[in-house]
Amino acid sequence: MRNDKIGLTLKIWRQPCSHSKGKLETFHVDAISPDMSFLEMLDVLNEQLTLDGKQPVAFDHDCREGVCGMCGAVVNGQAHGPEKETTLCQLHMRHFKDGETLVIEPFRARAFKVERDLVLDRSSLDQIIQAGGYVSVNTGGAPDGNAIPIAQDTAEQAMDAAACIGCGACVAACPNGSAMLFVSAKVSQLALLPQGHPERASRALNMVARMDELGFGNCGNERECEAVCPKSISIRNIACLNREFLKAALFG
Ligand code: FES
């Protein structure tokens with residue numbers, strides 16, 4: 001197994017706050033282990049900057065296990081970097097070559113605001129969920145696992161849609177800044193299961209209306225969203241969202 005350490009030139013977007021202008025700044029890091037994650041490589045840079053009395057690069061992260069959706073940046077033009085089905089926190093430095101230059105920028109979209117460096121305000125995605133991405137139920141004791149029979153195929157499709165971690169890479173990759181893949185994953189997941197049926201019409205209408213109000217664009221069938229999604233959310237969910245929306249608009 002290759003274990004040579006590598007050195008990189010990093011051109012990173014620096015922006016002190018949401019109201020200021022940003023620019024790319026150049027840094028160099030050495031002795032990067034191929035086993036490090038991308039975020040660990042940024043940790044190395046930040047340690048170096050802190051020791052030099054400089055401001056570390058701000059970036060979002062939480063689980064570092066590919067499940068929370070907090071991390072994300074555009075690396076050399078690709079949301080979450082060059083590896084398919086991989087979040088930035090799960091991207092390993094063995095995928096980069098010694099001496100390479102990486103341009104690292106925040107996810108950009110009209111509905112996202114850069115707070116600082118690579119940190120974004122993605123609360124617009126939360127606002128879409130608040131518009132209907134839930135099931136209103138009185139919670140009681142957990143029902144018996146077999147009380148509501150669901151076909152295996154349907155359960156698997158719902159689970160696939162539920163894998164969306166809401167990172168926003170789909171929005172950043174879409175030329176229209178559309179959140180259709182995100183919204184469709186949430187709508188499909190609930191439309192497929194009986195628990196989601198009572199509110200399915202209002203859910204589709206309200207979530208799409210909120211998405212439009214927040215400045216997300218329309219789907220242009222470019223499929224860039226699907227290509228960068230770290231959880232392989234399929235654009236078949238967008239077809240499902242379109243059906244749900246049409247049915248709700250026509251029949252309520
Ligand atoms: S830090 Fe949680 S998905 Fe990357």
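Residues are numbered from 1 along each chain as its sequence is written. The model is predicted, with local features requiring pLDDT of at least 70 and side-chain atom pairs counted only at pLDDT 80 or more, while totals for chains, interfaces and linings use all residues; side-chain values use heavy atoms, with hydrogens and water left out.

The chain is divided into domain 1 (6-115) and domain 2 (123-135 + 152-251), the bounds coming from an automatic or database domain assignment. The C-alpha centres of domain 1 and domain 2 are 28 Å apart. Across the boundary, 17 residues of domain 1 are in contact with 18 residues of domain 2, contact meaning heavy atoms within 4.5 Å.

Secondary-structure elements are DSSP runs numbered from the N terminus, with helices (H or I) of at least four residues and strands (E) of at least two. Strands are taken to pair if DSSP finds at least two bridges between them. On this basis, an open sheet of 5 strands has the order β2-β1-β5-β3-β4 and mixed pairing. Its edge strands are β2 (23-32) and β4 (78-79), each pairing on one side only. Strand β3 (residues 74-75) runs antiparallel to β4 and is joined to β4 by 2 bridges; valine 74 has alanine 79 in β4 as its bridge partner. Helix α1 (residues 38-51) lies across β1 (6-14), β2, β3 and β5 (101-105), and runs at about 100° to β2.

A hairpin is formed by β6 and β7, with 2 residues between them. Strand β6 (residues 113-116) pairs with strand β7 (residues 119-121) in the antiparallel sense over 3 bridges, and valine 114 is bridged to leucine 120 in β7. In the turn, aspartate 117 has a positive phi of about 45°.

Two packed helices are described by the angle between their axes and the distance between the axes. Axes are lines fitted to C-alpha atoms, for helices over the stretch in contact, and angles run from 0 to 180 degrees between N-to-C directions. Angles under 35 degrees count as roughly parallel, over 145 as roughly antiparallel, 65 to 115 as roughly perpendicular and the rest as oblique. A crossing is left-handed if the near helix is turned anticlockwise from the far one by less than a right angle, and right-handed if clockwise.

Helix α3 (residues 152-162) packs on helix α5 (residues 180-192) at about 155°, with the axes 8 Å apart; α3 and α5 are therefore roughly antiparallel. The crossing of α3 past α5 is left-handed. In this contact, Thr154, Gln157, Ala158, Ala161 and Ala162 of α3 meet Ala185, Ser188, Gln189 and Leu192 of α5. These residues divide into 5 nonpolar, 4 polar and no charged, where Ala, Val, Leu, Ile, Met, Phe, Trp, Tyr, Cys and Pro count as nonpolar, Asp, Glu, Lys and Arg as charged, and the others, Gly among them, as polar.

Helix α2 (residues 123-130) packs on α5 at about 30°, with the axes 11 Å apart, and the two helices are therefore roughly parallel. The crossing of α2 past α5 is right-handed. Leu125, Ile128 and Ile129 of α2 and Phe182, Val183 and Lys186 of α5 make the contact, giving 5 nonpolar, no polar and 1 charged residues.

Between α5 and helix α8 (residues 236-251) the angle is about 70° and the axes are 8 Å apart, which makes α5 roughly perpendicular to α8. This crossing is left-handed. Contact residues include Met180 and Leu181 of α5 and Asn237 and Ile238 of α8; by class, the contact has 9 nonpolar, 4 polar and 1 charged residues.
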